[in-house]
Amino acid sequence: LPRVPAVLKKRLVKLVVNFLFYFRTDEAEPIGALLLEHCKITKEEENVFSISFIEEPERKYCFECATEEQCQEWVEALRRASYEFLRRSLIFYRNEIQKMTGKDPLEQYGISEEARFQLGAHRQ
Amino acid sequence: MKLNERSLAFYATCDSPADNAGFLYKRGERHTAYHRRWFVLKGNMLFYFEERDSREPVGVIVLEGCNVELCDSAENFAFAIRFGGSKSRTYVLAAESQAAMESWVKSLSRASFDYMRLVVRELEKQLQEMSRGLAGGCGGSQEPPGPWKPKPSGLEQSRERLPALPAILPKENGCAVWNNVLGAGRPPDTSGCGGHDEDGNPRPPPLPPRRRVSNGAGAAVAESPSTFCRLHEQYSREMARLRQDWQQRRRGPQP
């Protein structure tokens, strides 16, 4: 998956949990990584998407993919890649199940009191 | 290895509430002296600051593929964050009280992304089974599970579908304000700020992120086999523990 700053550089990119690692295509160790929290994934022109961060919104990390389909896949995957997104999903499902059954599904795991899973716990 | 440090520092210091915070003593790498640092846990990232009001963290520990355990130390209330792999180190920390130590060990051992994903998948499955049950002719008011709008990619194909749920506010990765209207049954969305899919239809509720993306390198995995093995090890240990807990609760009297 190529990566495009001002100059086109071919990079291997791997999404692991909430990090996007990038490698030179022939190396085993990554050159660097982007933490994917508080970021915005934008579909740019054909085959291209960009990542920008909330504290520096004008700086875009641009990526050009081989195909438009690949590009869409990456955009989808990256938008769901943050821990915060996962947390919101968890709280949503928990709430839905509780509404349907009247019971808190996290109780069976013994984690219903955890601060991080509370509805409304993460008010901005 | 480069990191987007400014973004990391932002995440560490921004307004979003921490999952845990407090003073801990951290044992030095080369010298065994302990230094008191202000620790902040957000998601799967454990940041530490020189002082409580420092503007930037001095370090961060990414809590993936690690074990959190009590440890023998001259220091009271000590515990360790242990990573596998040949190049990895063990972080030895000490709390200021028994209660603080227990609270940290608990929150750190559940901090990984993988753990969160595990729980989300379980809940997703439960919700699916329940919806299927209701749609199976109980005459409930739930919508029957319908097919998803076909996604443009192969990424979604291996996932099971949830029934269509109501339209939701578009969101980005933590970019949007936290939506407390979640109580009204709105899942987070991936359509991007102000976006919809091509037909302008509301997006189906999101499913947790998967590692698999189609690129030439194949499945995205941890960079080294040992880290990957450790993730699996931890994953299965956690599953076994969860199962055990659940069985105990079924069998024994309610605590």
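Predicted model: local features only at pLDDT ≥ 70, side-chain atom pairs only at ≥ 80, totals over all residues.
Q: What is the average pLDDT of chain A?
A: In chain A, 89% of the residues score at least 70. Residues 1-5 of chain A have a pLDDT below 50, and this stretch has 24 contacts beyond near neighbours in sequence in the model. Over chain A, the average pLDDT is 85.

Q: How many disulfides does a search of the whole structure find?
A: A disulfide is a covalent bond between the sulfur atoms of two cysteines. Chain A has Cys39(A), buried at 0% relative accessibility, and Cys62(A), partly exposed at 22%. Over all chains, the number of disulfides found is zero.

Q: What is the geometry of the aromatic pair formed by Phe23(B) and Trp38(B)?
A: The structure holds nine aromatic pairs over all chains. In the pair of Phe23(B) and Trp38(B), the centres are 4.8 Å apart and the planes stand at 70°. Planes over 60 degrees apart count as edge-to-face, so the geometry is edge-to-face.

Q: How many residues apart in sequence are the parts that the pair of Phe23(B) and Trp38(B) ties together?
A: Phe23(B) is in strand S2 of chain B, residues 20-27, and Trp38(B) is in strand S3, residues 34-42. Phe23(B) is partly exposed at 24%, whereas Trp38(B) is buried at 11%. Because the partners sit in these two strands, the pair ties together parts whose separation in sequence is 15 residues.

Q: Which residue has its charged end over the ring of Tyr11(B)?
A: In chain A, the charged end of Lys14(A) sits over the ring of Phe23(A), 5.2 Å from its centre. In chain B, the ring is that of Tyr11(B), and the charged end lies 5.9 Å from its centre. The residue over Tyr11(B) is Lys42(B).

Q: Is Asn47(A) buried or exposed?
A: Asn47(A) lies in the loop between strand S5 (39-43) and strand S6 (48-53) of chain A. Its phi is positive, about 70°, although Asn47(A) is not a glycine. The relative accessible area is 16%, so Asn47(A) counts as buried.

Q: Near what value is phi of Val17(A)?
A: Val17(A) is in the loop between strand S2 (9-16) and strand S3 (19-24) of chain A. At 8% relative accessibility, Val17(A) is buried. Its phi is positive in a residue other than glycine, with a value near 45°.

Key:
Residues numbered from 1 in each chain as written. Chains lettered and ligands numbered in written order. Heavy atoms only, no water. pLDDT = per-residue confidence, 0-100. Contact = heavy atoms within 4.5 Å. Disulfide = S-S within 2.5 Å. Buried < 20%, exposed > 50% of the residue type's maximum accessible area, 1.4 Å probe, protein only. Phe/Tyr/Trp six-rings, centres within 6.5 Å; stacked < 30°, edge-to-face > 60°. Helix = DSSP H or I, 4+ residues; strand = E, 2+ residues; numbered from the N terminus. Lys NZ or Arg CZ within 6 Å of the ring centre and 35° of its normal.
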